[in-house]
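The following exercises are to be worked through with the sequence and the model at hand. Each task is followed by a solution in steps.

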Amino acid sequence: MAARFGRPRPLLRMRTVAGQVFLLQVAIVVLLVAAAVGALVLQSRADSEREARNRSVAVAETFAAAPGMEAALKSPDPTSVLQPKAEAARKGSGVDFVVVLNPEGIRYTHPLPGRIGKKFVGELGPVREGKVVTEQINGTIGPLVQAVVPVFGADGKVIGMVSAGITIARVSGVVEEQYVVLFGAAAGILLLTTGGTALITRRLRRQTHGLGPAEMTRMYEHHDAVLHSVREGVLIVGGDGRLLLANDEARRLLGLPPDVEGRPVAELGLDDGTARLLSSGRVATDELHSVGDRLLAFSQRSTDRDGGPPGSVTTLRDTTELQALSGRAELARQRLKLLYDAGTEIGTALDVVRTCEELAGFATARFADYATVDVSENVLRGEEPTRAHAIIDMRRSAFSGAREDPDLFPVGTVTRFMPETPLGAALIRGEAVLDSDLAARHGWQEASPDRSARLLEYGFHSMIAVPMRARGLVLGVAMFWRAENPHRFEDEDLSVAEELVARAAVSVDNARRYSREHAVAVTLQRSLLPRGLPEQSAIDAAYRYLPAQAGQGGLGGVGGDWFDIIPLPGARVALVVGDVVGHGLHAAATMGRLRTAVHNFSSLDLPPDELLWHLDELVARIDQDESAEDPGNSVTGATCLYAIYDPATGRCTMARAGHLQPVIIGPDGQAAFADVPGGPPLGLGGMPFETLDVHLPENSRLVLYTDGLVEDRRRDIDEGLDLLLTTLDGHPERTPEETCEAVIGALVPGRAQDDVALLVGRTRRLTADNVAEWDVPTDPAAVSRVRAEVSATLTDWNLIEQAFTTELILSELVTNSIRHAAGPIRVRLVRDRALICEVSDHTSTSPHLRQAASTDEGGRGLFLVAQLAERWGTRYTDDGGKVIWTEQPLTDDEM
């Protein structure tokens, strides 16, 4: 047998059942063969003795009955007559001796002649009486069997005796010749049976897995204990559909009788579905069957796999309690999912009313048939909510239900929860109220008895009212109703409603605070933006400013976009659009600072590229200062587009710092992006800005905007720019207002996700009869001629009252240019909303206003100009010269 655990074992010490059975079978076979051989040997010996007796008796009787025996015995010499005959008979019959005796036992014959005449050894008495005697004796020739028979005379008397004998060795010699065959056959039988036993033992060892008796006994005991102690039922059904085994749990669960083994499954009294499953032998996993009042889970597998016997093994367990627990667990899971979904679906926007609508809609979809949400008036205004113990008025902010016709207070109406009513008292205390039987009228109807009666008629049967509390304060009240759903609200529903409203209350409070801060931020931003268009004649302008949608970033979506229209000297106008990156108060405050800076720089009458350079330096300083105090408040980026339009010449000069290209629409309606050289965003520093000079015919439109107009989460900026150009192109008849409306309608959704600033200006041109120009030679005598021409022009313009002052101003300015500047000198007079006087030369030196001393002979002319003109200043031209200008106010009749 194979060695176990790596150590060979002696044959006689085999411990496996198969080995021991093998040894026992071999021993039995050996014993059986040995017994058979022994029996054959003994049988051969007995047969030899019997053969010896039979042969001895036969030979003796035959010789005794031979003819002439009586005569020979009565002859005078019987020996001589009988000796030859006896020897011949001996030799012929194969016996060892034939001896003739007289009645006294004296031998007449013997194979050994020396023994003739001697006394015969043996029992002769019965022979004299006429009987045959056989006996086995040890003679001189060995163990032998001899027979003595009487010889009867004619008178019937015994006249002699004949004895014949034969040794057993002579008889058994024939049998011993067969021993080789006998033992060979025995050996063959032994080998055959041993081989068969070995095959049977090998199969037995495979089936018992080499286990010993003790191990098999222990395994059986363990398996039996496990089989009958497990809390799962076990059934084994044979291939013929009979039940072979059922453990105690299976008997209990299925209600089987004690003598169930061996009976067909169909006769066990099971329900049809269970009986079909057990009889079919098909594979099943946790298949549920109702057996009595139990719900059992069946799992079934076939046993004939891998050479096993036909049939199936089935396990079953009681899932009745598990199903109940699973139901409760599923209910808890559903409620947890409800609360989780509420966290994702309620409070998606920082808007109080929107949050209330989401709460009501979610509740009716997942929890109740109808839901209403009432919110305090001051909460809707963004103010602090009322304390819990105060009597509060609530405005219905949201309603949702399966139908719209129940007589619940409509949205917008005010509901007062009176403390005298049980419902009002509980809500004011901040406690939720569950009324699972509205028909019992537990006090909820006292606020409006008529409405309560109609609700009962409609089918309302249960209600939950939960105060919306945040930070110990009551924001409002959410009420949930059931009418179509026959299941009434229970205590578990109350806890779900409280958790649902608590989560919504946080969102409502956040939205409330957001609304308050948003209002503050919007107020600040509105105060920083232009409140109207300034009076000017250069363009016909319209604008739109849309703050970002609430909840889209920062503080209420308030951002840093701005626009401006700034009148400049010489009837010119500056158009400005800018954007500070980010949202909130910081962006709005930064925008205000930049807008103020642009106004200040524009008052210096700087060209666009220089103005942006100064603005860039300012942003860099602001960024450094604020980063040192608070790194989180640094200016993360700002862009700006600055354009100057001169209605006298139609020239427009533009420069941009990281901003989008403006759009120019010609008088024929054709729209195109202006190719303004790009510059870095403000605050980066180190890069110069370039300008674009274009000539704009009258009735051209210049469109400036921020990126919030063209960039959206639903589309990229290139798509927005294409859509903008498509919207503007081909509509020459539109006014600036109509252009703004068309652009906003096409590009901005219902509520902007980012700030949008849009400025549209349609160009005008000053008519020739409102502009007068003269070239002045560098001769002091030319001053009088200029004064005369100016006086004549003002007379034509009906501005006679302004003539004296204008002559003094121009005389001083032209005289200074002749004395201190280089020619050519040019004078321009413009009638617009003010009377504008301009003197230009080719010197960049600018005069400075100073207080002249009493001993000075000059230095008082510019002071006089400043006193006579409302405004005055200097601007520099591209050719290195300058223009000194003044403005004098005109009345409406003089314009």
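**Exercise 1: An arginine in a strand**

Arginine 572 is placed in strand β19, which covers residues 572–583. The model under study is a predicted one.

Task: Determine whether arginine 572 is buried or exposed, and identify which residues it touches beyond four places away in sequence.

Solution. 
- Step 1. The relative accessible area of arginine 572 is 8%. Buried means under 20%; arginine 572 is therefore classed as buried.
- Step 2. A polar atom of the arginine 572 side chain lies 2.7 Å from the backbone oxygen of proline 569. A polar contact requires N or O atoms within 3.5 Å.
- Step 3. With residues up to four places away in sequence left aside, arginine 572 touches Ile566, Pro567, Asp605, Ile644, Tyr645, Asp646, Pro647 and Arg875.

**Exercise 2: A glycine in a strand**

Task: Locate glycine 160 in the secondary structure, state how accessible it is, and find how far it lies from leucine 73 in sequence and in space.

Solution. 
- Step 1. Strand β4, residues 158–167, contains glycine 160.
- Step 2. Glycine 160 counts as buried because its relative accessibility is 0%.
- Step 3. Between glycine 160 and leucine 73 there are 87 residues of separation in sequence, yet the C-alpha to C-alpha distance is 7.3 Å.
- Step 4. Leucine 73 is also among the residues that glycine 160 touches; the others listed are Leu101, Asn102, Pro103, Val149, Pro150 and Val151, not counting residues up to four places away in sequence.

**Exercise 3: A pair of helices**

Task: Describe how helices α19 and α20 pack, and state which residues make the contact.

Solution. 
- Step 1. Helix α19 spans residues 717–728 and helix α20 spans residues 736–747; their axes are 10 Å apart and form an angle of about 145°.
- Step 2. The crossing of α19 and α20 is right-handed.
- Step 3. From α19, the contact involves Gly720, Leu723, Leu724, Thr727 and Leu728, and from α20 it involves Thr739, Ala742, Val743, Ala746 and Leu747.

**Exercise 4: The chain as a whole**

Task: Report how many helices and strands the chain has, and what percentage of its residues is buried.

Solution. 
- Step 1. The chain has 23 helices and 31 strands.
- Step 2. Of its 895 residues, 46% are buried.
- Step 3. The accessible surface comes to about 43800 Å², and carbon and sulfur atoms account for 54% of that area.
- Step 4. For contacts between residues at least 6 apart in sequence, 61% join residues at least 24 apart.

Note on methods:
Residues numbered from 1 in each chain as written. Predicted model: local features only at pLDDT ≥ 70, side-chain atom pairs only at ≥ 80, totals over all residues. Heavy atoms only, no water. Helix = DSSP H or I, 4+ residues; strand = E, 2+ residues; numbered from the N terminus. Buried < 20%, exposed > 50% of the residue type's maximum accessible area, 1.4 Å probe, protein only. Contact = heavy atoms within 4.5 Å. Areas by Shrake-Rupley, 256 points an atom, 1.4 Å probe, with all protein chains shown as cover. Axes fitted to C-alpha atoms, helices over the stretch in contact; angles between N-to-C directions. Left-handed = near helix turned anticlockwise from the far one by under 90°. Polar contact = N/O pair within 3.5 Å; in protein donor to acceptor, adjacent residues only side chain to side chain.
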